[in-house]
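Hi everyone, thanks for coming.

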Amino acid sequence: HCHLLLSPHHPFFAFAVPSAGYLLLLDPTRQAPSWSTLPLPLPAAGGAGQAFSPAAASAGLLALLSDASGHKTLLLANPITRLLAPLPLCPTARLSPTVGLAAGPTSFIAVVAGDDLVSPFAVKNISADTFVADAASVPPSGFWAPSSLLPRLSSLDPRAGMAFASGRFYCMSSSPFAVLVFDVAANAWSKVQP
């Protein structure tokens, strides 16, 4: 439940500099925009020796993804308040998935897609896992929804990330080029090609 209490409702731009171990924050609400430097919230909450990298951001929250292959840990962090909340382990083992995050005042959705570890030596872009949390429900809830299948011949780039608009996540696929669309309500993916 604590992952629903992290959002600061204060707009800022965050630029991660993982190799340096900090975030550059730009506050656009001030008359003269100001920069701040905050250490990355690489947590003890993630477990001993586990490394995390920034993977997505929305509404003042930063999603950090565990670097180790396997069942990923996704941490939500508020870099302003320094609060951290780990989500339950991702149900599907993955290598380097693409991550999307959409946060609102009382809920959020996190998507972890592609790079399924089908064996210790191979990955395929087969599925996506979606975590849905809602503080407005009674009791407040958070759960991994059933996995959804990615469109055939999807080639996701985890560095490209995802964008969220009108209840859908969008991400790029290459070889062949397309935009993948995830409809959250339908828990279904589609492909839009030029």
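By class, eight nonpolar, five polar and three charged residues make up the lining of the largest pocket; here Ala, Val, Leu, Ile, Met, Phe, Trp, Tyr, Cys and Pro count as nonpolar, Asp, Glu, Lys and Arg as charged, and the others, Gly among them, as polar.

Before I go on, this is a predicted model, where local features need pLDDT of at least 70, side-chain atom pairs count only at pLDDT 80 or more, and totals for chains, interfaces and linings use all residues. Residues are numbered from 1 along each chain as its sequence is written, and side-chain values use heavy atoms, with hydrogens and water left out.

Back to the pocket: its volume is about 280 Å³. A pocket, on a 1 Å grid over the protein atoms alone, is an open set of points where a 1.4 Å probe fits, with protein on both sides within 12 Å along at least five of seven lines, and lining residues have an atom within 4 Å of a point. The volume is the space filled by probe spheres set on the points, which are joined across faces, edges and corners.

Of the 16 lining residues, P54, A55, L65, P97 and P158 are the closest to the centre. Two or more residues each come from β4 (52-58), β5 (61-66) and β10 (98-103), strands being DSSP runs of E, at least two residues, numbered from the N terminus. The largest share, three residues, is from β4.

Now the sheet. Four strands form an open, antiparallel sheet in the order β17-β18-β19-β20, where pairing takes at least two DSSP bridges between two strands. Three bridges join β17 to β18 (residues 168-173), and A163 has Y170 in β18 as its bridge partner. Thanks, all!
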